[in-house]
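Below is a short report on parts of one structure. Please look at the sequence and the model first.

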Amino acid sequence: MAGAVMGKETKDLHQHAGLSADGSQFLTFRLGEELYGVDILRVQEIKGYTAVTKIPNTPPHIKGVLNLRGTIVPVVELRTKFGMPTIDYTAFTVIIVVVVQDKVMGLVVDAVSDVLDIKMKDIQPAPDFGDKVDVTFLNGIGKSGNKLVSLLDIDRLLLDPDSKDSPVADAA
Amino acid sequence: MRMDNEDFSQFQDAFFEEAAEHLAVVEEGLLELERHPEDRDLLNKIFRSAHSIKGASGMFGFNAVAQFTHKMETLLDSLRNGQKAVSPSVADLLLRSTDCVKTLIQSAKTRAAVDEETVQRLTAELAAANASDSQPSAVSTNDTAVQPVSAGNCSGDRVYAITWTPPEWLFLRGLDPLQTFKELRSLGDLTGVTMDTSRLPDLADLDPEKCYLSWTMQLTTGKDLKAIESVFEFVREDSKLSIALVTSKGESEHAQKRAAATSTAAFDTETIKPLGQILVEDGLVSPADLDRALAQQKRVGQILVEQKAVTSQQVEEALQKQRQQEAVPLSKKTDTASIRVDTAKIDKLINLVGELVITQSMLSDLGSRFEMRQLPVLLERMVELERNTREIQERVMSIRMVPIGTAFARFPRLVRDLSAKVGKKIQLVLSGEETELDKTVIESIGDPLTHLVRNSADHGIEPPEERLDNNKPEVGTIRLNAFHEGGNICITVEDDGRGLNRDRILAKAVKHGVIGENDKLTDDQIWSLIFKPGFSTAEKVTDVSGRGVGMDVVKRNIENLRGTVSIKTVTGRGTTFTLKLPLTLAIIDGMTVRVGKETYIVPLLSILESIQPKAELVKTVVGKGELINVRGTYIPVVRLYEVFASEPEYTDPKEAILLVLETEEEHVAVMVDEILGQQQVVIKSMEQNFRKVEGVAGATILGDGTVGFILDVRGLIEIARHGNPVAA
């Protein structure tokens, strides 16, 4: 819930500069061979994958909704969202519950990895692939040892910038 | 003493609540009294309530309320003693006075300014009504004549700054300064008492029998200088005493406004002293000099007007805004929602919780040493647990249930005033006031109901002459009724007026382009046109209706409560509006249905019947549009799996089940695989973490912990007609 209580200014800073000066802690997770990171302050909890209820007439990356202790939480499958091939879920498949503005959402990922400290100097801006690959939802690329971590801007990833009413961007 | 302490605020809330109840009794009683002027019991009842208001408001220091109610009470008393007869004009005066008490209490609540003029006028009228009697009660009339009603506290209207240095021999003569302060306090509000200890010598030099202290303080009092001086009479000798008039009350109000306007801290005797006062206290200026300076000082608004920067009109508006802003936060704070619950309900609940605890301990006992042969016992206990839980749920929900009579209470007065205003004779008949309804629902239906009643009075009921011409009784009737029907509450607003005018509605709809000129509409469809935004067939816009709030708002408000509005009308005979509302907002009765692997909940209220159709009953139009013949009527078929793009078990209507659902406008048959059962479900919001989903009214948690969707019938029809919003 830390994300929700974070002051607006701090959050703006995070969004614009991407990160604070001395870097941050990131929860990293896997999609296939790739490693991704989200700001640990935005993570509410991690739970094992449980069956979700599909929402009618929603794009495929919106996996459905689940019951999180009485609240209805939408779940986004990141593989589909990124246009990666889907795989069968395993015992490692988890849902990372994140707070996006005042909304709670779940992300289905292949497996969680470590919590990494990434210094500002180890973060470089997201590469530009032109029209070929959309990386607008990346805050940057972090280096940790010989690992490359794509740092997600979950606000941009999960919120439709054009419409405040439609939190999960419909364009797949 | 004033009780403006924080600690008292909770009691104040209770006072406001009680006062509102008493006022309702007074108002209701007065209305009744107009019809039965001889009813002594009624008068006693009104008197008792008025007396309670007076007593309680006096206790809380709302003296304006207490004083005004006292005047009312005096009049009521003479009516009660038979010294005066209840005439329409007296009843009317008392009703207007009740309104005044209402506003006085409101302003006590929000600490807003009081409309002194109305208060004074009504006070005078009440006094006159009392005096017009042959044996006037001398005390009460005198009382009203001399004592103006003050909105503030009783402690007076002048602020004196007092500096007192008692003589050193004070203690030697056995005089106690504390006594002096006690006497001062008895004169009024004593604030800002500070002790000057600067003359205290070191302990070694201190003579304990000498007084080295001096004090400064402020006294707000209605008494004059002499009275204050007399307090110091015994210690006057050798004392250094200065008593200065800082401000009179009117002045202090000015000072307060000035302070607010120049955005310095507001004048508050207990915290910050105004500059003028400090100067006077320090002896730098005399009070008279200060008064002259203050008299010359202008208010910001005035200066701006003189500089022609703004018009006085604009300043007035800005001040209005300021006052509103001052009033708003306070009223917000005091408006904490509370509910009064019958003790019997709570006792019952406590019993049930007791039972639940017993069942739970029996279960855990059983669980700790469970053997398979005890299975029947376990099952039995589980049934008990289920029964306990269900009963507790019902009881807890019933706490929120309030009789609808509270929402009806405002209408007798409304109709009385309306009929006078529009020059019609109208009687109001209420029934079913004891019907219980969720508190939130009751609060939200007040405005829609008021609108419907106003509409009936203004448009529905004809003027007396027209009614007589049409062989109707001269007095029109508006009936408000509430009753249970299935899982719903129905509220009807019925009038015996002229009914809706079909032609006029049609003409207006065509003119507004809502419908085409040649459209064929059923009567029901025509009536429902009046719920369209911007639709008003009133020939003239009156003060009463045809204003901002239209029928569309009524409809929307009701729909927000998951209710419906329907109209029945017979030309020349009258119109009936029926509001159908769910009993509670959080829980609905639902039918769980299955389509493929998905489970959905259909609100039980919208289900008319379910059928397994014979093949020959399903027909198509232009090859696609499916219709089913239900006892002679063709109803469009909506295949749920098509609408929701899911995998069904059956695609043949013969094998599937059709639920015939109703919306306000139409019927539709929704095709599902199977009906699973009926259950109460708790509605959860989809919007909280996601967004609105077409065709889905909300979500709920099913028995197995997964999420199920509650269908929105009208949304389904929309998707079926216009295609689904994403796939399209």
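Strand S13 (residues 598-603) of chain B runs parallel to S22(B), joined to it by two bridges. Two strands count as paired if DSSP finds at least two bridges between them. B:Ile601 has B:Ile710 in S22(B) as its bridge partner. Strands (E, at least two residues) and helices (H or I, at least four) are DSSP runs, numbered from the N terminus.

Strand S21 (residues 696-701) of chain B pairs with S22(B) in the antiparallel sense, over five bridges; here B:Ile701 stands opposite B:Val707. S21(B) and S22(B) make a hairpin with five residues between them, and B:Gly705 in the turn has a positive phi of about 90 degrees. Of the five residues of S22(B) (residues 707-711), four are buried (20 or more other C-beta atoms, placed from the backbone, within 10 Å of the residue's own).

## Basis of the model

The model is predicted: local features need pLDDT of at least 70 and side-chain atom pairs pLDDT 80 or more, while totals for chains, interfaces and linings use all residues. Residues are numbered from 1 along each chain as its sequence is written, and chains are lettered from A and ligands numbered from 1 in the order in which they are written.

## Helices H3 and H4

The axes of H3 (residues 63-80) and H4 (residues 88-110) of chain B come within 9 Å and cross at roughly 165 degrees. Axes are lines fitted to C-alpha atoms, for helices over the stretch in contact, with angles from 0 to 180 degrees between N-to-C directions. H3(B) and H4(B) are therefore roughly antiparallel (angles over 145 degrees).

Notes. Angles under 35 degrees count as roughly parallel, over 145 as roughly antiparallel, 65 to 115 as roughly perpendicular and the rest as oblique. A residue is buried if 20 or more other C-beta atoms lie within 10 Å of its own, exposed if 12 or fewer, and partly exposed in between; C-beta atoms are placed from the backbone.
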